[in-house]
Amino acid sequence: MTWYYDFMIIQPLKGTRDFYPKDMATRVWLFDHMRHSAKLFGYQETEGPYIEPFELYAVKSGEELVNEQTFHLHDRGGRKIALRPEITPTVSRMLAQKSKELQKPIRWFSIGPAWRYEQPQKGRGREFFQWEVNMFAANTPLADAEVLCVAASFLQSIGLTPNNIKLKINDRQLVEKRLTSLGVSSTHFGLVLKAIDRKEKIPASTFREMLHAAGLSDQQQQKLESLLSDKDLPDDAVWLRSVFDATKTLGFGNWIEYDPMIVRGLLYYTRTVFEAHDVKGEFRAIFGGGRFDNLVEALGGKENIDGVGFAIGDMVLTLLLEQNKKIPILPASPTKILVTVFDEKLVPKSIDLARQLREAGIPTELYPIATKLDKQLAYADKQGIPYAVILGPDEVKSDVVVVKDLLKRTQQKFLQRELVHSMESIAV
RNA sequence: GAGGCCGUAGCUCAAUGGCAGAGCACCAGAUUGUGGAUCUGGCGGUUGCGGGUUCAACUCCCGUCGGUCUCCCCA
């Protein structure tokens, strides 16, 4: 048997995950909270294809992401097709296609899988899920603040607090203004931002080398470093101050803090940028986002639509939740009532009870084998089914059923005709 | 693409050159109408795979495949 077994089980692909019922219950719990928070702020759910023309990603995504990390294939017409490595380009494309007719401002969100061909490691796989939230055509600090608050609202709803996780924000225009005042040429901004983005992960000497390569003198480097270590919001940060004020009024001010180190690696962010980090600093960024001016136009849209948004991956988030013991223990089974079967003769009686309960909308399972009661009850217990209905010869004689509460370890009798009514109030 | 660590029962792991084991899980019974405990028994292995060294290999060596973590890169 063993050789046969080994031969038959084909390993899942590297970096993919199986979701058994318990895992799936957790995933659904997580996604439900994402949906709920987005909808609470009026965001509408969208979904695009999981496969797209390869060129869609060449427009904006990083070079490495496109060429090295995209799963791609060729269709029979020779077209190069990519499994989406992120959701944003799909959303932008959908927006660009209908940008004229869509009523603005636009609040959209999307939850779905994405794929990247890379070495799996902690918090990173080849197949993962992203929750993406965007507001388009509202170029205001309030829009930025709202998007941040959708994220904070979600984090709060799954039991996290500002003690676990902080949303760190910055303004790229503020950074660029600083660099200009230091005498840094705008052609070097990209390299400098990249260096700042990496500063925490690299040795100080490497950081200085990167700045040097971007044309900064020793004096400019020192000034930049002192600016980066100043965590007080500068007086001239008018936009950021408005964002902060709005998040406070929206009720999530304590989740958000200014951090001059946050600049993001991607080029297309133009103003507010933010990242969420666990306070202990153990994990990579939980999510990131910011404001961009021109995504749609780059995709051939007829008009330039600005936007602000973020994307959260499920993997690092799950690690953080596990570490903080915030993942609830959820029953894998949706069943509220298990109807047991006493013996072959009474099977029809049990079937009838189960049918009545289902017609009342109560998720009901019927044990499909006439076996010993203890086995059936043990099954219900292990499945986390809260109630069991027992119908034996004694009950049939007096027209009653026994309803056992598996959690309280109690049981009581109901008249058969009253069972459904009684359970409706208890079990739903 | 580079490197570290690890592959032994369904799962977590022990056995460091000398009979391949434990806990958990699963099945059955103790209890012929009642589930989280307890006790008893049972099922379960080509020690990832291939080669080498040895009287003897889970153990040492080489190769290979797989997992995991880190670097690279990245939201």
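In strand 11 (307-313), isoleucine 312 is the bridge partner of tryptophan 131. Helices (H or I, at least four residues) and strands (E, at least two) are DSSP runs, numbered from the N terminus. Strand 6 and strand 11 run antiparallel and are joined by seven bridges. Strand 11 also pairs with strand 10 (residues 287-292), in the antiparallel sense, over six bridges. In that pairing, glycine 288 stands opposite alanine 311 of strand 11. Six of the seven residues of strand 11 are buried, so this strand is largely enclosed by the rest of the structure. A residue counts as buried if 20 or more other C-beta atoms lie within 10 Å of its own, as exposed if 12 or fewer do, and as partly exposed in between, with C-beta atoms placed from the backbone.

The structure is a predicted model, in which local features need pLDDT of at least 70 and side-chain atom pairs count only at pLDDT 80 or more, while totals for chains, interfaces and linings use all residues. Residues are numbered from 1 along each chain as its sequence is written, and chains are lettered from A and ligands numbered from 1 in the order in which they are written. The pLDDT is the predictor's confidence in each residue, from 0 to 100. Chain A averages a pLDDT of 88, and 94% of the residues score at least 70. Over residues 1-8 the pLDDT is below 50, and this stretch has zero contacts in the model beyond near neighbours in sequence. Two residues are in contact if their C-beta atoms, placed from the backbone, lie within 7 Å. For the complex, the predictor gives an ipTM of 0.84 and a pTM of 0.90.

Two strands are taken to pair if DSSP finds at least two bridges between them. Strand 5 (residues 106-115) and strand 6 (residues 127-136) run antiparallel and are joined by ten bridges. Proline 113 has phenylalanine 129 of strand 6 as its bridge partner. In a regular strand the side chains alternate between the two faces of the sheet.

Helix 6 (residues 141-157) has 17 residues, which at 1.5 Å a residue should span 24 Å; its end C-alpha atoms are 24 Å apart, which agrees. The expected span is 1.5 Å times one less than the number of residues. Glycine 159, with a positive phi near 95°, follows helix 6.

A further open sheet consists of three strands in the order 2-4-3, with antiparallel pairing. Its edge strands, strand 2 (51-53) and strand 3 (72-74), each pair on one side only. On average, neighbouring strands of this sheet are turned by 35° against each other, direction ignored. Strand 3 and strand 4 (residues 80-83) run antiparallel, joined by three bridges. Here histidine 72 has alanine 82 of strand 4 as its bridge partner.

Around RNA strand B there are 36 residues, of which Gln121, Gly392, Asp394, Leu406 and Arg409 come nearest. A residue is near a molecule or strand if its C-beta atom, placed from the backbone, lies within 6 Å of it. Among the elements that each supply at least two residues of the surface near RNA strand B are strand 11, helix 16 (393-398) and strand 15 (400-405). Helix 15 gives the most to this surface, with six residues.

Leucine 415 is placed in strand 16 (residues 410-415). Leucine 415 is exposed, with 12 other C-beta atoms within 10 Å. Leaving aside neighbours within four places in sequence, leucine 415 is in contact with Asp399 and Val400.

Technical notes:
Axes fitted to C-alpha atoms, helices over the stretch in contact; angles between N-to-C directions.
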